[in-house]
Amino acid sequence: MSEISAPKGVRDILPEESWKWAYVFRVFRETAEDFGYSEVHLPIFEHTELFARGIGDTTDVVEKEMYTFLDKGERSITLRPEATASMVRSYLEHRMGALPQPVKMWCTGPMFRYERPQKGRFRQFWQVDFESLGSPHPYADVEIISLSLEAFRRLGLSHLEVLINSVGCPECRPAYRKTLSDYFSSRIDELCETCRSRLERNPLRILDCKRESCRSVTEDAPAVYESLCGECRDHFDMVRAGLDGTGTPYRLDKRLVRGLDYYTKTAYEVLSGALGSQNAVCGGGRYDNLAEAIGGPHVPGVGFAAGVDRILMVMEQQECSFGTEPSIDVYGVALDRDSRAGILHILDLFRRNGISADMDFGGRSMKAQMKSASARKARLACILGESELERGTVTVKDLDSGEQKEISADSIVEEVQKILSAVKD
RNA sequence: GUGAGCGUAGUUCAAUCGGUUAGAGCACUGGACUGUGGCUCCAGAUGUUGGGGGUUCGAGUCCCCUCGCUCACCCCA
């Protein structure tokens, strides 16, 4: 409609929404603290190579979804499509291998992918990203899964489905790959065109296919579990035992895969039926070979990323609580030029004493100002006019009860503080 | 990148078969109530009907192009 608009796939988070976002971040921050994760702030762009190696240069994300450009020094730069690679880079760069392991960190911020937007999908979207680096122990996996579910529980999300699987490791995956490709070859007629090409490059991805025809084929596909090596099988068993021990409901999904070599062992996703076809609110797993893939030493790791935009959508649909909507304590109402100067001064005193306050500078009618006070959900209106100025007082009106009284201007801060704390209790 | 649907005040939506000055609710502003919000009533302001071209005596309505939005595919948060 207007020429003035944000680019495709990005959006503004406006005041009516932003306080809800703040609530979600607060819950994740508190949950992080309860699980011993420290917050870090990472750059939103990195060398393109980091993602090419850290995500995999044959993935869709890297092949066609990255925002990549040359900077003025002719360096290839990419806006991060996800945070895990940056997190591992940061761990390696700052020699965190010297710290007690695992190093548990989380971060949040916008991610960028060049895709056609649709429900639950944006070109700039927010994730919270948690990573536990340096421990190969299956309980690290359990902790990550528990953490994500605990945060969702605190946010009030319901009807979530947890899917888990193991994708093995470079030891056992070739055998499984062979088993799968033998199986799919035997039923190649029933596969879609893209899956047939996947058969060569990466038969694991066929398990992902959503087409009806392919699904009936993958339905009967041999499960990974049978092909896992001893270590991977033990690991998977312990993860499941850990989840069972904490009473976490989950569903084994043999079709859940991560196609690349540095993804190992545990893979999991959390789905919500409240979204459209982009129904994952959280995805994660183990990536014991990622650090090496980006040129570092061997550092096992496990983590997850949750989509904040999608979480908010689910919360809206399920009418979850977002805590208390921000409001102000006092709205100043001035009836003429002199009282406007007076109320400005009084508001300043309020604000210096931790009482939130606002007013209208426009010289509008008293009725209009009272209306604004209501609209702003102010607890009190402080009214100043000719008669108050003469008497050295301020009229204070409780906007819930409608009661009002005149208070000496000299003790206005103390009196208002009293009223506010009385209302709170 | 592919496909489908939809673009009308700030917003949600009307507008007969193509018919003359594009309307209504909500929100906003003002008033009824010369200094008192929420409820009620009255009044007011707000449009390049996304843009461009075409058909027609006449286009918000039909056709073409374009832009945008939405949903889906691919893939993922």
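Predicted model: local features only at pLDDT ≥ 70, side-chain atom pairs only at ≥ 80, totals over all residues.
Residues are numbered from 1 along each chain as its sequence is written, and chains are lettered from A and ligands numbered from 1 in the order in which they are written. Local features need pLDDT of at least 70, side-chain atom pairs count only at pLDDT 80 or more, totals for chains, interfaces and linings use all residues, and side-chain values use heavy atoms, with hydrogens and water left out.

**View 1. Helix H5 covers residues 138-155.** Helices are DSSP runs (H or I, at least four residues) numbered from the N terminus. H5 has 18 residues and reaches 26 Å from its first C-alpha to its last, close to the 26 Å expected at 1.5 Å a residue, where the expected span is 1.5 Å times one less than the number of residues. Of its 18 residues, 14 are buried (under 20% relative accessible area, 1.4 Å probe, protein chains only). Gly156, with a positive phi near 90 degrees, follows H5.

**View 2. Helix H1 (residues 15-34) packs against H5.** The angle is about 135 degrees and the axes are 10 Å apart; axes are lines fitted to C-alpha atoms over the stretch in contact, and angles run from 0 to 180 degrees between N-to-C directions. Residues in contact (heavy atoms within 4.5 Å) include Tyr23 and Phe28 in H1 and Leu147 and Phe152 in H5.

**View 3. H1 also meets helix H11 (residues 308-317).** Their axes come within 11 Å and cross at roughly 110 degrees, which makes H1 roughly perpendicular to H11. Among the residues in this contact are Trp21 of H1 and Met315 of H11.

Conventions. Helix = DSSP H or I, 4+ residues; strand = E, 2+ residues; numbered from the N terminus. Buried < 20%, exposed > 50% of the residue type's maximum accessible area, 1.4 Å probe, protein only. Parallel < 35°, antiparallel > 145°, perpendicular 65-115°, else oblique.
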